[in-house]
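Please look at the sequence and the structure before reading on.

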Amino acid sequence: MTITETRQETHVTTGATIWLTGLPSAGKTTIAHELAGRLRAEGHLVEVLDGDEIREFISAGLGFSREDRHTNVQRIGFVAELLARNGVKALVPVIAPYADSREAVRKRHQESGSAYVEVHVATPVEVCSVRDVKGLYAKQAAGELSGLTGVDDPYEEPESPDLRIESQHQTVQESAAAVHSLLTERGLA
């Protein structure tokens with residue numbers, strides 16, 4: 001048996017994009033990494049496309065205007081769809097504050113026949129500001145930062161996400177299990 005044959009036998013090759021949207025410090029990235037570990041243990045090829053890393057390496061130079069945020073989301077959506085159509089589970093924990101940007105990504109996936117699952121990590125801003133993982137809420141409150149999504153910049157909540165998670169009411173493991181359960185229902189896990 002060749003190495004290629006062995007890889008094909010041990011990897012599940014049904015690709016999909018799992019897009020986790022929500023406010024800063026909602027728990028998107030933490031849930032994505034928990035889910036990634038679970039999927040990898042089952043033999044899935046998985047990539048986490050973290051919003052901060054994408055901004056640093058693929059969208060460097062973009063600001064936070066509506067147009068720049070849209071461009072950033074479209075770039076992430078392109079990479080996610082590329083991975084998904086090649087058998088990878090692309091987990092995408094990004095704020096993606098605008099409904100039209102997220103819809104354009106969903107449409108790109110539909111046109112290519114790639115599976116797309118939208119998860120709204122619907123943690124209230126009051127909880128996110130207490131978590132304040134990156135200190136953004138503190139900087140905004142101190143007047144050092146403006147344009148914080150959900151505070152002084154808009155966040156358009158998904159009207160009909162495939163799954164809504166209220167991370168403040170469950171553990172990270174429970175949140176990841178809820179996403180995994182949906183993927184299983186849809187034949188993606």
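## The largest pocket

In this predicted model, the largest pocket has a volume of about 740 Å³. Its lining is made up of 30 residues, and those nearest the centre of the pocket are Pro24, Asp52, Ile95, Lys134 and Leu136. By type, the lining consists of 14 nonpolar, nine polar and seven charged residues.

Helix 2, helix 3 (51–57) and helix 4 (66–84) each contribute at least two residues to this lining. Helix 4 provides the largest share, four residues.

## The second largest pocket

The second largest pocket holds about 160 Å³ of space. Among the residues that line it are Ala99, Arg102, Glu103, Arg106 and Glu118, and also Glu157, Pro158, Glu159, Ser160 and Pro161. Helix 5 (residues 99–112) gives the most to this lining, with four residues.

## The nonpolar cores

The largest nonpolar core has 27 residues, and Ile18, Leu91, Val119, Val179 and Leu183 touch the most other members. At least two residues of this core come from each of strand 1 (16–21), helix 2 (28–41), strand 2 (45–48), strand 4 (115–121), strand 5 (163–165) and helix 8 (172–185). Helix 2 supplies the largest share, five residues.

What does Ile18 touch, leaving aside residues up to four places away in sequence? The contacts of Ile18 are Lys89, Ala90, Leu91, Val92, Val117, Val119, Val179 and Leu183. Another core, of 12 residues, lies apart from the largest one and includes Leu49, Ala90, Ala96 and Tyr116.

Definitions and conventions:
Residues numbered from 1 in each chain as written. Predicted model: local features only at pLDDT ≥ 70, side-chain atom pairs only at ≥ 80, totals over all residues. Heavy atoms only, no water. Core = buried A, V, L, I, M, F, W, Y, C linked by side-chain atoms within 4.5 Å. Buried < 20%, exposed > 50% of the residue type's maximum accessible area, 1.4 Å probe, protein only. Contact = heavy atoms within 4.5 Å. 1 Å grid on protein atoms, 1.4 Å probe; cavity = no way out; pocket = protein on both sides within 12 Å on 5 of 7 lines; lining within 4 Å. Points joined across faces, edges and corners; volume = space filled by probe spheres on them. Nonpolar A, V, L, I, M, F, W, Y, C, P; charged D, E, K, R; others polar.
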